[in-house]
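Me: Please take me through the terms used for the model below. I want each label set against its cut-off.

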Amino acid sequence: MNAQMLETILHRHPKDPSSIIQVMLDIQNELYYLPRDVLNYVSEYLNVPLSRTYNLATFYKAFSLKPKGKYPIAVCTGTACHVQGAIKIMEQIERELHIKEGETTPDKKFSVESVRCLGCCGLAPVVTVGKNLHGRIPTSKVSKILKQYE
Amino acid sequence: MAYRSYLMVCAGTGCVANQSMKIKEKLETEIRKKGLQEEVAVVTTGCNGFCAVGPLMVVQPDGIFYQLLKETDIPYIVEEHFIKGRPVKELMFTPPKEKTPIPKLSDIPFFADQTPIVLRNRGVINPENIDDYIARGGYEAIAKVLTSMTPEQVIQEIKTSGLRGRGGGGFPTGIKWETCRNIPADKHYIICNADEGDPGAFMDRSTVESDPHAVIEGMLIGGYAIGSSEGYVYIRNEYPIALDRLQTAIQHAREYGLLGTNILDKGFDFEIKIARGAGAFVCGESTALMASIEGRPGEPRAKYVHTVEKGLWDKPTCLNNVETWANVPQIILRGAEWFSSIGTGDVSGDPWGGSKGTKVFSLSGKVNNTGLIEVPMGITLRKIIFDIGGGIKDGKKFKAVQTGGPSGGFIPESLLDLPVDYEELTKVGSMMGSGGMVVADENNCMVDMAKYFLSFTQTESCGKCVPCREGTKRMLDILEKITEGEGTEEDLVLLEELSNVVVESSLCALGGSAPNPVLTTLKYFREEYEAHVKDKKCPGHACRKLITYTIDPHVCVDKGHGCHVCAKNCPDGAILGETKQVHTIDVEKCGKCGICYDVCKFDAISVE
Amino acid sequence: MGKMNIEDLEKIREQGRYKMALRQGTGRVRIIVHMGTCGIAAGARGILTAAMKEIELRGLHDVIVTNAGCAGLCSHEPMMTVEVLGESAPVKYVYLTAEKVKRIFDSHVLKGQVTKEFALEVVSEKTHS
């Protein structure tokens, strides 16, 4: 993350320890993970002990300490998606990409994880790739969707 | 000149995901092409509710409802409907198993049986246009409050109305406000909980997306009543559209001086800030949520002292959820009596004596009409699922409906005539919860569903107290054992015992209600547990260790001519056979994913 | 717009009234302009515009204009039907011009008195008598 982007994010929020989660979310939204050097800097800037920042980064599901793929895939595992076969979708993605949930492909293109309800239950089963949402996908369409990103 | 017609295009999360913004652009292009841009306007609205058939639009003033739109449909609609006045039948809604399309939105059963109060503006206003909200009577309630009511009168009105918390617990809102107001402090806070964490629930997202100003106005009224000048909306980071619309709405309200100092020239100050949640289910719990706003991990604390007394930064804090706040302006405008005329029971003597007003539910799972609905309290589950929801998908048999998310329970067919209200749902072991309603059919396994919810709460347990952290883990172990065919009858006894311990000894409501899905399935679907334990069978055909897939050789050859589709799709290479010949499944190799079952067009594959 | 007081709110509400009536499909009067092929050829679009202009000029909030297909009386185009809520039957007006539309607004739409000279029933009575 370049210094300018980080400054922009920091200036969006009051310089107060209570802003830490909001700042971390902005960084996560940009990079899809929280690099260690950035966390060091942010902790010092907001006067939050690094141990606390680490605590937050591991407590909240939105945060990731590991870099994700260029196209992070999130399989919704909310109730509606579960009853419509979210597990099958996840398995199919794992098979297509030859990685397991929580992993990233060697070419750093895709990473896959499961997320709790995205609130589009009417479209179940739902998968997001980056910021795009794909709904009502049958297992047989998974490879077609992934191909769009190659 | 004024427009003669408005095309209300749904821009809720669901429809946007289905490319409704492209539909909007195409409409605008076509309308310009035909020179209708002075007569016909395209408006983007919040979630229409009928997510099952999106992308969709409603043509007003005719009230014609168009569904499942594609860009290629647009030129035809513009020519036929907007120029020649002939609504396009092919794009209207036709109920499953029927042939005649229903042209008007108001005649479609999904909408006809609803009572919108919270969602009264959905599909009518552009949520990003504050003037639209004002034109629908918006900010009239806060004007009324500031000119003619004392804070005590406002609280009395809310108390009389019988409004109870829509986030799950059902605590009487007026009492909460009164208690908070009466705690002396230099500062009071208001919080709107929009951290909709229940899987299978999207009411709050939709409400914020379709009518953000209603939430703001509700908070303003609450602020005045409680004596607070600062509010927070705690909203999920996973809801980008809702977040964006809320930010826009707050900004517009500020520009109009409806937030800030000396609001409407009446000497009242109020400001709203947004705090985003970072994906922790437990933050739906009030003390955890407040910790999160303060920048700390969302761990609940024991509530010897309630948050109305010591909440955010140890100040008296009044927290209500999105739907509760959105009800407030309408109660003020139309009166407590009107509100309490809807619903069940009597709240005149006892604030817990009934469930008043409406409830918004997100209806999903195996029903035909998935989407967002608002119904009067006291409506039966049967009416919701079979009339509004249009019954079960693909003509399958209803098995259970799950209400209240991971904290709620499963309700079987024998209880479908149960009136939906706080007390009745609790009585049968479930709860109102925030309003998720997921329907399961004969192909869902109740043990698997219980396991699903428990694994959810287990992962989301913050780990602070032992019963929740360890108890749910052990319960999950037992459920896994059962679904793998290793369970014994003693396990069922132990499971029930553990459930009761977790319910009674957990620190917060997350643990206290986590066993509900297990307890209700044990109560209403015990035979399914027994089938797993005794016969090593899964009646819902969901537990992989307990099922086998087989191909009927006759159907495969006679009807399907050995089409080979199953073999092509099998990820395990477990299907043997050449095109035009009989196919068989190698049980050793079969991973039981069920893909062959899904792709076979000839129903040659069965599961036992 | 800057900071508002209660009167400003009322103004915005007033300005948006017609828009909201349309979007909810509610109105006291509904005017349907028949726009089949022959209707359009006979100038139905002009009639539609004329009706919208009348609404605008008079600042009406409760009159809705929509279009519909051919009414089956091609020889009498352009036509429109005026329906006043709570009144017995909708009235069809035929051989319209912008000027006639104005007069229909004056009497039928505003005062509830059918403008008999342009109405279909009256015309047909004449031809049969």
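Reply: Start with burial: a residue is buried if 20 or more other C-beta atoms lie within 10 Å of its own, exposed if 12 or fewer, and partly exposed in between, with C-beta atoms placed from the backbone. This is a predicted model, where local features need pLDDT of at least 70 and side-chain atom pairs count only at pLDDT 80 or more, while totals for chains, interfaces and linings use all residues. Residues are numbered from 1 along each chain as its sequence is written, and chains are lettered from A and ligands numbered from 1 in the order written.

Me: Which residues of helix α6 of chain B are buried?

Reply: α6(B) covers residues 140-148, and its buried residues are A141(B), I142(B), A143(B) and V145(B). They pack against α7 (151-161), α10 (212-226) and α13 (322-334) of chain B, together with α1 of chain C. Helices here are DSSP runs of H or I with at least four residues, strands are runs of E with at least two, and both are numbered from the N terminus.

Me: What does chain A look like in these terms?

Reply: Chain A has 7 helices and 4 strands. Along the sequence the pattern is α-α-α-α-β-α-α-β-β-β-α. Of its 150 residues, 42% count as buried. The C-alpha trace spans about 50 × 30 × 25 Å along its principal axes.

Me: What makes α2(A) and α4(A) oblique to each other?

Reply: Helix α2 (residues 20-31) and helix α4 (residues 50-59) of chain A pack at an angle of about 60°, with axes 11 Å apart. Axes are lines fitted to C-alpha atoms, for helices over the stretch in contact, and angles run from 0 to 180 degrees between N-to-C directions. Under 35 degrees counts as roughly parallel, over 145 as roughly antiparallel, 65 to 115 as roughly perpendicular, and the rest as oblique. α2(A) and α4(A) are therefore oblique.

Me: Which residues make that contact?

Reply: I20(A), I21(A) and M24(A) come from α2(A), and T53(A), L56(A) and A57(A) from α4(A). Residues are in contact if their C-beta atoms, placed from the backbone, lie within 7 Å. The set divides into 5 nonpolar, 1 polar and no charged. Ala, Val, Leu, Ile, Met, Phe, Trp, Tyr, Cys and Pro count as nonpolar, Asp, Glu, Lys and Arg as charged, and the others, Gly among them, as polar.

Me: Why are α9(B) and α11(B) called oblique too?

Reply: Helix α9 (residues 203-210) and helix α11 (residues 240-255) of chain B pack at about 40°, with axes 8 Å apart. That angle makes α9(B) and α11(B) oblique as well. R205(B), V208(B) and E209(B) in α9(B) meet I241(B), A242(B), R245(B) and L246(B) in α11(B). This contact divides into 4 nonpolar, no polar and 3 charged.

Me: Is each crossing left-handed or right-handed?

Reply: α2(A) passes α4(A) in a right-handed crossing, and α9(B) passes α11(B) in a left-handed one. A crossing is left-handed if the near helix is turned anticlockwise from the far one by less than a right angle, and right-handed if clockwise.

Me: How do you know that β1(B) and β3(B) pair?

Reply: Two strands pair if DSSP finds at least two bridges between them. Strand β1 (residues 5-10) and β3 of chain B have 4 bridges, in the antiparallel sense. M8(B) has V58(B) in β3(B) as its bridge partner.

Me: What else does β3(B) pair with?

Reply: β3(B) also pairs with strand β4 (residues 64-66) of chain B, antiparallel, over 3 bridges. Here M57(B) stands opposite Y66(B). β3(B) and β4(B) form a hairpin with 3 residues between them, and G63(B) in the turn has a positive phi of about 75°. In β3(B), M57(B) and V59(B) point one way, V58(B) and Q60(B) the other, and all are buried.

Me: Why do β7 and β9 of chain B stand at the edges of their sheet?

Reply: The open sheet has 5 strands in the order β7-β8-β6-β5-β9 (chain B), with mixed pairing. β7 (260-263) and β9 (317-321) each have a single partner strand, so one side of each is left without a neighbour in the sheet. Inside the order, β5 (residues 189-194) and β6 (residues 230-236) of chain B pair in the parallel sense over 6 bridges. Y189(B) stands opposite E230(B) in β6(B).

Me: How many residues does each chain bring to the contacts between chains?

Reply: One contact takes 30 residues from chain C and 27 from chain B. α2(C) gives the most to the chain C side, with 7 residues. Another contact takes 44 residues from chain B and 35 from chain A. Its chain B side divides into 19 nonpolar, 18 polar and 7 charged.

Methods
Contact = placed C-beta atoms within 7 Å.
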